[in-house]
Every structure is written in structure tokens, then in C-alpha cells.
Amino acid sequence: TPVIGVLALQGDVREHLIALAAVDAVARPVRRPEELAEIDGLVIPGGESTTISKLAVLFGVMEPLRARVRDGLPVYGTCAGMIMLADKILDPRSGQETIGGIDMIVRRNAFGRQNESFEAALDVKGIPGDPVEGVFIRAPWVESVGAEAEVLAEHDGHIVAVRQGNVLATSFHPELTGDHRVHGLFADMVRANRTAESL
Ligand code: GLN
């Protein structure tokens, strides 16, 4: 059984722990550098990316996180977590850093200006069957992706789900809907990576 951590500095940690348990992962909150060594995958929750960024630096996990992601740790970020996984933010607040991992440029609060919060049915590549109900809360969108990044979903002509190698990011919050298929997709990425590493 894969052990999947949830970065527990700020944000909707609890909801992700529940969703991960539902897809048969051992889920645990992670905030210290030592704890990063013990996980097979990591979720970065929704919340406030500037706060998560500052706390990650303060807790001394920013550099260890970057190193683990560079080494191929599977990581999934939702909303603020997506922002943390972008190589570049279009309009960062002063001092705001990201972990990076996906060659993409994100725009913070992109949907928020028109509409604080909404839901939309999304076709997500890799998730057959019914559309995924996307919950968007002051959500970012992806302005552009590099050649290595695969777009998994769009809404209104804007990119809202991306994967690059072992890194997955969504503008929306599947942890809030009770539909755990996106977490299932991520858990499968984690299992595949564990198998590959043990060969
Ligand atoms: N607007 C937030 C940010 O910029 C993200 C909101 C969310 O995670 N629901 O970090």
C-alpha cells in the first residue's frame, strides 16, 4: 500500500486525507523535512498559495520538496497546490516562491475575478465515464504549458488540469466532491512509480 502525504502547512488537508484513504492509500499529514523521506507520493492541498509558500520556507521544507520533486516523487496539487507546482506564476505576490515541477505559467485567482466560486462538468483525460464535477474556488488557470506538459482538461478555453511526468495539477478541488477518481488516478501514478523504482 502506498504511503501518500498531504502537505499540512495550510489549506484543506483533512479533505485530501479522506479522499486518499478512499482510494486505498495510507494517508498522513506531512510538515517536517524528515517526514518527506517516508512517503511514496505527496498532495499539496488548496488554500492560499502565498501562505503555503511562506510557511514552506519557514518550516525548512521548500528546498527538500524541490529536491524530492526533481528526483521524481509523484506529487498532486489542487488549486493553491497547482500554483505551488508551476515553474512560473504570472503575477506572484512579493516573496512568493513555488516548488515547481510542471513547465507551465499559472495566473492566480484567474476565474475569481468574474466569479468567486462555481462548479463545472469537466472531461478529464484518463478518467473515463461521467464527467468530473469541478469545484472552482478563486481558482487559477494555466496560461501556457511547455512541450513536456500534457493538458488533461480545459474549461471555457482555459487549461485547468495538467500532468508532466509524475506531477499532476488541477485548478479545481476533487477532494470536495466525494468523487475520488482523480485521487485514484494519482494513487495509480504513485503505485506505478513504486513498481518502477523497485525494478
Ligand atoms: N486563490 C488561491 C491562491 O492564489 C487559491 C484558492 C484555492 O486554493 N482554493 O492561492
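## Terms and model

On a 1 Å grid over the protein atoms alone, a cavity is a set of points where a 1.4 Å probe fits but cannot get out, whereas a pocket is an open set with protein on both sides within 12 Å along at least five of seven lines, and lining residues have an atom within 4 Å of a point. Grid points are joined across faces, edges and corners, and a volume is the space filled by probe spheres set on the points.

The model is predicted, with local features requiring pLDDT of at least 70 and side-chain atom pairs counting only at pLDDT 80 or more, while totals for chains, interfaces and linings use all residues. Residues are numbered from 1 along each chain as its sequence is written, and side-chain values use heavy atoms, with hydrogens and water left out.

## The cavity

A search of the whole structure finds one cavity of 30 Å³ or more, and the largest cavity holds about 30 Å³ of space. Its lining consists of Val124, Ile127, Leu152, Ala161, Leu168, Thr170, Phe172, Val182 and Leu185. By class, eight of these residues are nonpolar, one is polar and none is charged (Ala, Val, Leu, Ile, Met, Phe, Trp, Tyr, Cys and Pro count as nonpolar, Asp, Glu, Lys and Arg as charged, and the others, Gly among them, as polar).

## Helix 6

Strand 12 (167–170) and helix 6 (181–198) each supply at least two residues of the cavity lining; helices (H or I, at least four residues) and strands (E, at least two) are DSSP runs, numbered from the N terminus. In helix 6, the buried residues (under 20% relative accessible area, with a 1.4 Å probe and protein chains only) are Val182, His183, Gly184, Leu185, Phe186, Ala187, Met189, Val190 and Asn193.

At 1.5 Å a residue, the 18 residues of helix 6 should span 26 Å, which agrees with the 26 Å between its end C-alpha atoms; the expected span is 1.5 Å times one less than the number of residues.

## The pockets

The largest pocket, with about 190 Å³ of space, is lined by 14 residues, of which Gly47, Glu48, Cys79, Ile137 and Arg138 lie nearest its centre. Its lining divides into five nonpolar, five polar and four charged residues.

The second largest pocket has a volume of about 150 Å³, and its lining comprises three nonpolar, six polar and two charged residues. Helix 4 (residues 62–70) gives the largest share of that lining, three residues, and the lining residues include Arg66, Val69, Arg70, Ile99 and Gln164.

Key:
Buried < 20%, exposed > 50% of the residue type's maximum accessible area, 1.4 Å probe, protein only.
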